[in-house]
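Hi there,

Here is the structure I promised to pass on to you. Have a look at it first, and my notes follow below.

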Amino acid sequence: MKYKLSEILSLSLDVGEAMIKSGAEISRVEDTVRRICEGYNVKYIEVYAINTLLIATLRNDKESVTESRRVTYSNNNFYELERVNELSRNIVVNNVSRKEVLKRINKIKVDKNMYLMCFGQMIAAGSFTIFFGGNALDLLFSAIIAFILFLVDTFLNKKNISKIIYNFLASFIIGILAIIASKFFVLNIDKIIIGDIMLLIPGLAMFTSIYDIVKGDTTSGTNRFVDGLFLALSLASGIAISLFIGGKI
Amino acid sequence: MIIKLLSASIGALGFGLLFNTKKSRLPFVFLGGFINIVSYEITYMYTNNIFLSSAVCASVIYIYSNIIARIIKCPSVIFVLTGLIPVVPGAALFYMMQNIVLSNNYLAIKYGLSALYTVLGIAFGIALFSMFLNIFRNTHNSLKK
């Protein structure tokens, strides 16, 4: 065997961690780690993953090693997910060192187009404002609020702040901004707020959780489900408080 | 109506951009949002039932994204998540909160229930078809061996 057992373990967990962070299903993560280790001809592999923890033990005839990773932060990034997936397939075929793997993962992480993401957020908010029955002026304001939200998002550095508090804050900002804007222009506040709320709603977390439960990962499924429930609650209370302050529309 | 359908699909596309999807996948994301909202509206027109229509549109989008993922070789989760965006109950959640603030209990419960039905319907649709797919794959693999 060309590489040490501990090096193989570390590099496979690096890939698994990157996958959890970009919002993959749990069964896919476990499968990937197992497949990478099999690619390096490791005999016995035990992997366990939930949405906040990844732990694996590799064993051959002489020794056994265990390593774990704590994952505190994850969001949906499909480009990263897809590229890491390709990378894992690549690793299985031609075995590379850990240094190389880390270099490639870092390269994938840097590769993101902020302007395009901002633009995506703006057109998503705007088009859902139209979808629920707003007019052109509403579209403009909901796009502006989405832009401000994006600035807050990049400025706040979500890694250091609890997701629930962030959601509460963001929905409060949305409500207040919409109410302030309506003092100067004639707007349908409800349509603007709904369009912007769609960006924050944890519907996606709910769907991934159902995915996980059906595939048999009940622990991470229920984790994500309860997480989504509380996110929805914090979102709703943020909106409610802004409505109370702004005079109930 | 046309405006509604188009804006829903553009919304799905916007989420595709926001989640940093590869550019070559974006047309399929747009199509997914369109198929989703069309199937929802058609079912809702005939049955007038929120639970049933969200279950139908979730299963349609699940099948669609698995087919597309097989064809262009990428994770199917991309199309499931972006395609389901147009039926996420944002409006119901907002109106529920607004009516709680205005203390209209009856309306608040009505909107809250409709949000709950939508989430349950989507969960049901996805769970049902991913179970089918799992069973199909398992039998397929065991037959191969």
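**Where the two chains meet**

The side chains of Arg25(B) and Glu82(A) meet in a salt bridge, 2.3 Å from N to O (a side-chain nitrogen of Lys or Arg within 4 Å of a carboxyl oxygen of Asp or Glu). The rule finds one salt bridge across the interface of chain B and chain A.

Please keep in mind that this is a predicted model, where local features need pLDDT of at least 70, side-chain atom pairs count only at pLDDT 80 or more, and totals for chains, interfaces and linings use all residues. Residues are numbered from 1 along each chain as its sequence is written, chains are lettered from A and ligands numbered from 1 in the order in which they are written, and side-chain values use heavy atoms, leaving out hydrogens and water.

In total, 48 residues of chain B are in contact with 49 residues of chain A (heavy atoms within 4.5 Å). About 4,500 Å² is buried between the two chains, with carbon and sulfur atoms giving 78% (accessible area, 1.4 Å probe, that two parts lose on being put together, summed over both). In chain B, Asn20(B), Phe94(B) and Val101(B) lose the most area to chain A, together 15% of what that side buries.

Phe94(B) and Val101(B) are also among the buried residues of helix 5 of chain B (under 20% relative accessible area, 1.4 Å probe, protein chains only; helices are DSSP runs of H or I, at least four residues, numbered from the N terminus). Eleven of the twelve residues of this helix are buried, so it is largely enclosed by the rest of the structure.

Best wishes

Key:
Buried means under 20% relative accessible area, exposed over 50%, partly exposed in between (1.4 Å probe, protein chains only). Helices (H or I, at least four residues) and strands (E, at least two) are DSSP runs, numbered from the N terminus.
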